[in-house]
Amino acid sequence: MKTKFIPLIFLFTISIVLFSFSDSKNENYHNATSIDNVDVDIPENVKSILDAKCMGCHSNESKPGKSKTKLNIDNIIDGSYSDGKLVSKFGKMTKTLDESKMPPKKFLEKYPNKELTPEESKILVDWATEQKSLLNKE
């Protein structure tokens, strides 16, 4: 009886994997990128923090690595992430910042000026939470 469910589980898993990799492209570079009629707004105060503290590791210009793979801010800006992917990225971003895991301690030993102040961290968390809610249409 259990063997009858294995192909269904396999198909379900494949469907989820394929869905999670679907991306919607938007060629416009703006402070707000339209993705499925939902704007991902990046206000100037958020943009300045991202530019100063995050883009060095989390952008198209950064070295290949885990940080760029886990979050590429350029993909938020240019609309490369699907709505589902954005919701996931914003959720992980808030969790990581709430746990004070970004930037990593080892990185901060070398670049202490990249440490987020509590105020900067709160601004990013509030922004990511708001964007996640908008995407979820909450």
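## Exercises on aromatic pairs

Phenylalanine 107 has a relative accessibility of 23% and counts as partly exposed. The model behind these exercises is predicted.

**Exercise 1.** Classify tyrosine 111 as buried, partly exposed or exposed.

Solution. Start with the cut-offs: buried is under 20% relative accessible area, and exposed is over 50%. Tyrosine 111 has a relative accessible area of 36%. Tyrosine 111 is therefore partly exposed.

**Exercise 2.** Find how many aromatic pairs the whole structure holds, and describe the geometry of the one formed by phenylalanine 90 and tryptophan 127.

Solution. A search of the whole structure gives 2 aromatic pairs. For phenylalanine 90 and tryptophan 127, the centres are 5.2 Å apart. The planes stand at 85°. Planes over 60 degrees apart count as edge-to-face, so this pair is edge-to-face.

**Exercise 3.** State which parts of the chain the pair of phenylalanine 90 and tryptophan 127 ties together.

Solution. Phenylalanine 90 belongs to helix α5, residues 83-98. Tryptophan 127 belongs to helix α7, residues 118-135. The pair therefore links parts 37 residues apart in sequence. Both phenylalanine 90 and tryptophan 127 are buried.

**Exercise 4.** Classify the pair of phenylalanine 107 and tyrosine 111 by the angle of its planes.

Solution. The ring centres of phenylalanine 107 and tyrosine 111 lie 5.0 Å apart. Their planes meet at 35°. Stacked needs under 30 degrees and edge-to-face over 60.

How values were computed:
Residues numbered from 1 in each chain as written. Predicted model: local features only at pLDDT ≥ 70, side-chain atom pairs only at ≥ 80, totals over all residues. Heavy atoms only, no water. Phe/Tyr/Trp six-rings, centres within 6.5 Å; stacked < 30°, edge-to-face > 60°. Helix = DSSP H or I, 4+ residues; strand = E, 2+ residues; numbered from the N terminus. Buried < 20%, exposed > 50% of the residue type's maximum accessible area, 1.4 Å probe, protein only.
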